[in-house]
Amino acid sequence: MMQETGVENPVRFTGIRLSKPATVAAGIPAVISSVKHILAEMNAFRGMKALLELNQKDGFDCPGCAWPDPDDDRSPIGEYCENGAKAVAEEATTKRLLPDFFAANSVASLGLLTDYEIGKMGRIAQPMYLAPDATHYTPVSWQDAFGKIADHLHALSSPHEAVFYTSGRTSNEAAFLYQLMVREYGTNNLPDCSNMCHESSGVALGEAVGIGKGSVTLEDFYEAEVIMILGQNPGTNHPRMLTALQKAKAGGATIISVNPLPETGLISFLNPQTVKGMLQIKSDLTDIFLQVKINGDMALLKAILLLLLEEEDKHPGTVFDQAFIGEKTSGYTDYITHLRQHDFARLAAASGVAPELIRKAAHALLHKRKIIACWAMGLTQHKNAVDTIREIVNLLLLKGSIGKPGAGTCPVRGHSNVQGDRTMGIYEKPAARLLNKIEATYGFRPPQEHGYDVVAAIQAMHRGDAKVFIAMGGNFLSATPDTLFTAQALRNCRLTVHVSTKLNRSHIVHGREALILPCLGRSDKDLQQGVTQFVTCENSMGVVQMSKGNLDPVSPHLKSEPAIVCELAQALFGEQSRVPWKTYTQHYDLIRDAIEKVIPGFEQYNDRVRHPGGFYLPNCSRNGQFDTPDSKAGFNIAPVTETLLQPGEYMMMTIRSHDQFNTTIYGLDDRYRGVHHERRVIFMNAGDVAAAGFRPGDIVDLYNYHGSTERVAKGFIIVSYNIPEKCTATYFPETNVLVPVNSVADKSNTPTSKLVIIRIKPSDIKK
């Protein structure tokens, strides 16, 4: 099978070097790495100016992860982590892509570069247009760009033939305007990156407790007795969480980590902002490490709960919180009947964890009530993801560990405002309340039928049912599953549009016509009518805070995302709109006034968000109330499912390296796992390597045959690693080509990127 030009990262080995996996995270190496990345992209003055304002109460929100900032005083040394500094370096770079760059580089030639090479080119400095059958992007005015988009949207036979994607970096203001424009246009086709990451969390929590968000605050970590971390690697993906875990440990908390890979950031931590950290005195974090098989989490949770039930039977009322269960929950009796039907030995075997370790974890939970459960995509991207997350909720309900200090649910979101975008109405299945509020406020009736999520949007474009694709941020092609299938879907479109800060692969795999609209980043000053503006974001724990950039933009031709939406809407609707689009660009306070009228929880928005640190949104489960039909939190009954492998088959999960965030690749090192200068690797169990007749360092090709379709990712170096038998791990986006578009989580429709069945064959590619 030939690789289509531009679709995937080309196979280009860069000289792999292996070392022992690190035993401690952060410390001086993190400081050095941060400085190197900043200085590689800008001068020291610009870099320090950005970092000193990053995540401060009057500064700008990190364009990376959504981990919350402290409510109290923030570190004057720097309220950011290594990967936050890398994110700022990427965004605030002074490298620019001017018209002569696009004149000198055809789309085809750009497609021969890796994602890393593409991302390092610099900021897009002006709108660019790719005409039908053209080989090069050329400059286009903003007015003409908006006119082309409006013409294409008007030419569709139905608004449902357009897809409007949103990245989690988009601000509350831009997201609100975007969904408003799309609904005035006439569709709910609003897929977003949440569809690919924490959709399973939202569905599970919505069913169980009535709100699709976590219930804890950062302060709860400092009171917790036990913190369970499942399917998450905070040392790379949410490094500032390590500080919270360190503080929790100092307060006496026990940390239980559940993951197929031992992750350095959960083992121990050198906090570079403390004297001990600077003196290389580490803080041990994980007390109990439960190394599950890929998707062994459900079996593990049931095994722990079965042990707790045995103790509750012996000493009634001492293990389970019967008062909480009786007052606040439903389905307890049926759930306990279901749990009794299981056998501990079989559950332990299905989980892959030694029985004595499971007993140790159960003992740690036995008489504790202040329990926090954290999870991320290691749980959400499985077919049974919703049921597994509900099993976590089952545990918390049995212990009475929701709605009290030091306890609750904590889905750790990825991109910095992915939760806020959903709050603002970026959702293909909008609630009737939202649609009614829009109608009452603006006088038009929004569409009522559900729209496309990410997977449905890809399939619709592939069929030809969707003909225009517009993305508010993100790198859609590299983020999505089944890369060749998704690429063809995009190429089937009449027009693809990307609102972006930097060049990415989605600009190279395009529709018949394509536009790149360059926008301001979080770190950029935003002036409207000569007045400096700020936007707002919502973090993982429901805090809404302001974000105000402080750097001069690298080009005078950049527009803010709110301005782009408003000007596009004016081109699209003309004088027929009932929404005051032109007014909203005058001052963002006017947008926030509109949000206050439509979105619950934003009363006195402009006043409260100006309070240092922002404000918390209402959260029923945090208060021990459950917005379900019977006003009770529900237990869930679900089976344990095991993956049956045929001879020669393995389970593969996609993961991030330490040098990336989502699809943005900062560098080629994964120093915590001991892999340097290379990304095309597959982590394998040493016994599996030998049994298959391979050796570490061999180059192999990876195959998936889901749905009788052959998918192949060529050229990966075998790295022997501490991972369970028949389990493997690879970096995304390089292996997204293997993730079937039609293999999705039940109920949430999230691609199953954490469990892909593969075969491994020798490659004819040489280093």
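Is Arg 679 buried or exposed? In this predicted model, Arg 679 counts as buried, at 5% relative accessibility. The briefing below takes up the salt bridges, then the nonpolar cores and a surface patch.

**Salt bridges**

- The structure holds 42 salt bridges, and one of them joins Arg 679 to Glu 734, with the closest N and O atoms 2.7 Å apart.
- Arg 679 sits in the loop between β28 and β29 and Glu 734 in the loop between β32 and β33, so this pair ties together parts that are 55 residues apart in sequence; Glu 734 is likewise buried, at 6% relative accessibility.
- Asp 659 pairs with Lys 86, their closest N and O atoms being 2.5 Å apart, and because Asp 659 lies in the loop between β25 and β26 while Lys 86 belongs to helix α3, the pair ties together parts 573 residues apart in sequence.
- Asp 659 is buried, with a relative accessible area of 7%, and Lys 86 is buried at 0%.
- Glu 207 and Lys 747 meet in a salt bridge of 3.0 Å, N to O, where Glu 207 is partly exposed at 31% relative accessibility and Lys 747 is exposed at 52%.

**Nonpolar cores**

- The largest nonpolar core has 60 residues, and those with the most contacts inside it include Phe 176, Tyr 442 and Trp 581; helix α8 (residues 172-185) supplies the largest share, 8 residues.
- Beyond its neighbours within four places in sequence, Phe 176 is in contact with residues including Met 424, Tyr 442 and Ile 591.
- A second, separate core of 59 residues includes Leu 300 and Ile 336.

**Surface patch**

- Ile 28, Val 31, Ile 32, Val 35 and Leu 39 make a nonpolar surface patch of about 390 Å², and Ile 28, located in helix α1, is partly exposed with a relative accessible area of 31%.

Methods:
Residues numbered from 1 in each chain as written. Predicted model: local features only at pLDDT ≥ 70, side-chain atom pairs only at ≥ 80, totals over all residues. Heavy atoms only, no water. Core = buried A, V, L, I, M, F, W, Y, C linked by side-chain atoms within 4.5 Å. Buried < 20%, exposed > 50% of the residue type's maximum accessible area, 1.4 Å probe, protein only. Helix = DSSP H or I, 4+ residues; strand = E, 2+ residues; numbered from the N terminus. Contact = heavy atoms within 4.5 Å. Patch = residues over 30% accessible without salt bridge, like charges linked within 9 Å, V, L, I, M, F, W, Y side chains within 5 Å. Areas by Shrake-Rupley, 256 points an atom, 1.4 Å probe, with all protein chains shown as cover. Salt bridge = Lys/Arg side-chain N within 4 Å of Asp/Glu carboxyl O.
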